Amino acid sequence: MNKMRLEEVIESGDLKEAVRIIEEIGEKLDHTFTAILLRYLATTDSVLLRNVIAITLADLGDREAVLPLIDLLRNPKTKGNRGTLLYALEFFDVSTHVVVLVDLLDDTFEASRQSYQLISTVQVKITKAQKDMCRQMIRRKLADYKNKYNRDFLLESLELFT
């Protein structure tokens, strides 16, 4: 398998073959494809391709995947499709990005729960300053919420930072 072949398949729009190749890269833990995967992670509009790449990058464990994944979480084009991106981040230390995760606590059901899960796994690594900022963010979100279920979830999330 070579890098040029992967690029040709992705560029041609053959998602089935691209997914097969990318999954094979993950199975073989072939780190030589990391740069290509990161490039397509950031540029593709295909949710399927983006998700497969995110999972493969998590399998590879390359820390350089963290920032592109975080950037995608902030990107409006991923709204409604952030669950897999958050899942991929579970394989990395994301404690320095906790503010981004807190911002997703009022996103879609899946994204909010995945964010909560990630926060709970790194909460012991979060600095006092980060905790203070996160509490402030959640309190602002609470002020906007009328829905009891969402309010209860945000109140529960607030407890992560005490």
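A residue is termed buried at under 20% relative accessible area, exposed at over 50% and partly exposed in between, for a 1.4 Å probe and protein chains only. The legends below describe a predicted model, in which local features need pLDDT of at least 70 and side-chain atom pairs count only at pLDDT 80 or more, while totals for chains, interfaces and linings use all residues. Residues are numbered from 1 along each chain as its sequence is written, and side-chain values use heavy atoms, with hydrogens and water left out.

**Figure 1. Overview of the predicted protein, with ten helices and zero strands.** Helices (H or I, at least four residues) and strands (E, at least two) are DSSP runs, numbered from the N terminus. The order of elements from the N terminus is α-α-α-α-α-α-α-α-α-α. Along the principal axes, the C-alpha atoms fill a box of roughly 50 × 30 × 20 Å. Of the 162 residues, 49% count as buried. Contact denotes heavy atoms within 4.5 Å; among contacts with a separation of 6 or more, 64% join residues 24 or more positions apart.

Figure 2. Beyond its neighbours within four places in sequence, Arg-82 is in contact with Leu-72, Leu-73, Arg-74, Asn-75, Pro-76, Leu-104, Asp-107 and Ala-111.

Figure 3. With a relative accessibility of 2%, Leu-73 is buried. The C-alpha atoms of Leu-73 and Leu-85 are 7.2 Å apart in space, although the two residues are twelve apart in sequence. When residues up to four places away in sequence are not counted, Leu-73 touches Thr-78, Arg-82, Leu-85, Leu-86, Leu-89, Val-100 and Leu-104. The buried residues of H5 are Val-66, Pro-68, Leu-69, Ile-70, Leu-72 and Leu-73, and they pack against H3, H4, H6 and helix H7 (98-103).

**Figure 4. Close-up of the contact of helix H2 (residues 15-28) with helix H4 (residues 47-60).** The two axes come within 9 Å and cross at roughly 10°. Axes are lines fitted to C-alpha atoms, for helices over the stretch in contact, and angles run from 0 to 180 degrees between N-to-C directions. H2 is therefore roughly parallel to H4, a term for angles under 35 degrees, with over 145 counted as roughly antiparallel, 65 to 115 as roughly perpendicular and the rest as oblique. H2 contributes Leu-15, Ala-18, Val-19, Ile-22, Glu-23, Ile-25 and Gly-26, and H4 contributes Leu-48, Leu-49, Val-52, Ile-53, Thr-56, Asp-59 and Leu-60. By class, the contact holds ten nonpolar, two polar and two charged residues. Ala, Val, Leu, Ile, Met, Phe, Trp, Tyr, Cys and Pro count as nonpolar, Asp, Glu, Lys and Arg as charged, and the others, Gly among them, as polar.

**Figure 5. Close-up of the contact of helix H1 (residues 3-12) with helix H3 (residues 34-43).** The axes of H1 and H3 come within 10 Å and cross at roughly 15°, and the two helices are therefore roughly parallel to each other. Lys-3, Leu-6, Glu-7, Ile-10 and Glu-11 of H1 meet Ile-36, Leu-37, Arg-39 and Tyr-40 of H3. These residues divide into five nonpolar, no polar and four charged.
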